[in-house]
Amino acid sequence: MSQIDLHTHTTASDGTLDPADLVRKAASDGLKAVAITDHDTVGGLSQALRAGEETGVEVILGCELSIDFKSGQMHILGLFLPDPPQGLQTTLDDLQDRRNNRNDRILAMLHEAGVDVKLEEIQELAGDASIGRPHIARVLVQKGVVQSIDQAFREYIGPGGAAYVPKDKLDPETAIRILKQEGATVVLAHPYSLEIDTDELRELLGRLKEQGLEGVEAYYSEHTPEQTQTYLQLCREFDLLVSGGSDFHGSVKEDVGLGTGKGNLDLPYSLVRRMREARGETPSA
Ligand code: AMP
Ligand code: FE
Ligand code: FE
Ligand code: ZN
């Protein structure tokens, strides 16, 4: 049974539970600590922090940034952000502008493909959240254009789809620098998604560590036991912190549970303790 989950999404980005509900769920599921790591936003953090005070769950403030990389997907997590973050907000505002432009382009391409979706329809579903493709996918399902979120990505908004628009991303060095300036512990998320082999990953970790990377999310819902072992070994090799998280998104990723992932996660509190030690902090528990 996991005691922690260091990778979760709320309605502040593309999850379906609001930050307070996610923290309350963490409490009722028996987690000691949970990190909120929404895509390119810190909008859910203060609400989560308040729910943490109510429930006694240790809430770690974070965010997940999408990074420009030659293959697959590179995501970097910043953990232990201050409340409120300072300079990071400027970067996030800029990313939000770029995201809004991208959403407009996706809707224009959907229109060209004969599918009419209005921005207002997506805003209504997304509420205060930063709009991402999962929201667009949900509206496409609601309108009966497709049968499933997966089909929405395959046929329309994913790579190769009729309305695919890649995201403008930060380069790794910039992302790491901005997160470090904010005092975050910087972790490479779900390395499997880079789609590179172990030798390439080793080379990459060497470079990212020089730029300030401090940890790797070795434990992750989608990682096979072999991948997990490889990533743990690389953490030892590079003296990097081990992180672990489910990437919980609520009901849009029904098969991924908070703390449990796909039933493959057993995350001990000691991962948080080591991170706090590396930060020179005294653990709260
Ligand atoms: P965006 O940030 O707008 O590019 O959206 C990225 C989000 O889309 C991530 O949270 C992914 O988990 C989600 N996503 C990507 N492909 C799929 C898919 N085939 N089915 C469901 N969600 C997906
Ligand atoms: Fe997501
Ligand atoms: Fe990610
Ligand atoms: Zn994530």
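Reply: A donor here means an N, O or S atom within 2.8 Å of the metal, and water is not among the atoms, so a site may look incomplete. Keep in mind too that this is a predicted model.

With that cut-off in hand, start at the iron ion (ligand 3). Its protein donors are Glu64 through OE, His75 through ND1 and His190 through NE2, and they lie 2.1 to 2.2 Å from the iron ion. Along the chain, those donors follow the spacing E-x10-H-x114-H. His75 belongs to strand S4 (residues 74–79), while His190 is in the loop between strand S5 (185–188) and helix H8 (198–211), so this pair ties together parts that are 115 residues apart in sequence.

In the loop between S5 and H8 you'll find Glu195, whose phi is near 55°, a positive value in a residue other than glycine.

Now for ligand 1, which sits in the largest pocket. The elements giving two or more residues to its shell are helix H3 (88–112), helix H5 (133–142) and helix H6 (149–157), and H6 gives the most, with 3 residues. In total, 13 residues surround ligand 1, and the closest are Asp14, Arg99, Arg102, Arg133 and Lys167. Sorted by class, that shell holds 7 charged, 3 polar and 3 nonpolar residues.

As for individual contacts, the side chain of Asp14 has an N or O atom 2.6 Å from an oxygen atom of ligand 1. Arg133 comes in with its backbone instead, where an N or O atom lies 2.7 Å from an oxygen atom of ligand 1. Asp150 uses its side chain, placing an N or O atom 3.4 Å from a nitrogen atom of the ligand. On its own, ligand 1 exposes 510 Å², and the protein buries 76% of that.

Technical notes
Residues are numbered from 1 along each chain as its sequence is written. Chains are lettered from A and ligands numbered from 1 in the order in which they are written. This is a predicted model: local features need pLDDT of at least 70, side-chain atom pairs count only at pLDDT 80 or more; totals for chains, interfaces and linings use all residues. Side-chain values use heavy atoms; hydrogens and water are left out. A residue is near a molecule or strand if one of its heavy atoms lies within 4 Å of it. A polar contact is a pair of N or O atoms within 3.5 Å; within protein, one must be able to donate a hydrogen and the other to accept it, and residues adjacent in sequence count only if both atoms are side-chain atoms. Accessible areas come from the Shrake-Rupley method with a 1.4 Å probe; for residues, only the protein chains shown count as cover. On a 1 Å grid over the protein atoms alone, a cavity is a set of points where a 1.4 Å probe fits but cannot get out, and a pocket is an open set with protein on both sides within 12 Å along at least five of seven lines; lining residues have an atom within 4 Å of a point. A molecule sits in a cavity or pocket if more than half of its atoms lie within 2 Å of its grid points. Helices (H or I, at least four residues) and strands (E, at least two) are DSSP runs, numbered from the N terminus. Ala, Val, Leu, Ile, Met, Phe, Trp, Tyr, Cys and Pro count as nonpolar, Asp, Glu, Lys and Arg as charged, and the others, Gly among them, as polar. Donors are N, O and S atoms within 2.8 Å of the metal (3.2 Å for Na, K and Ca); water is not among the atoms, so sites may look incomplete.
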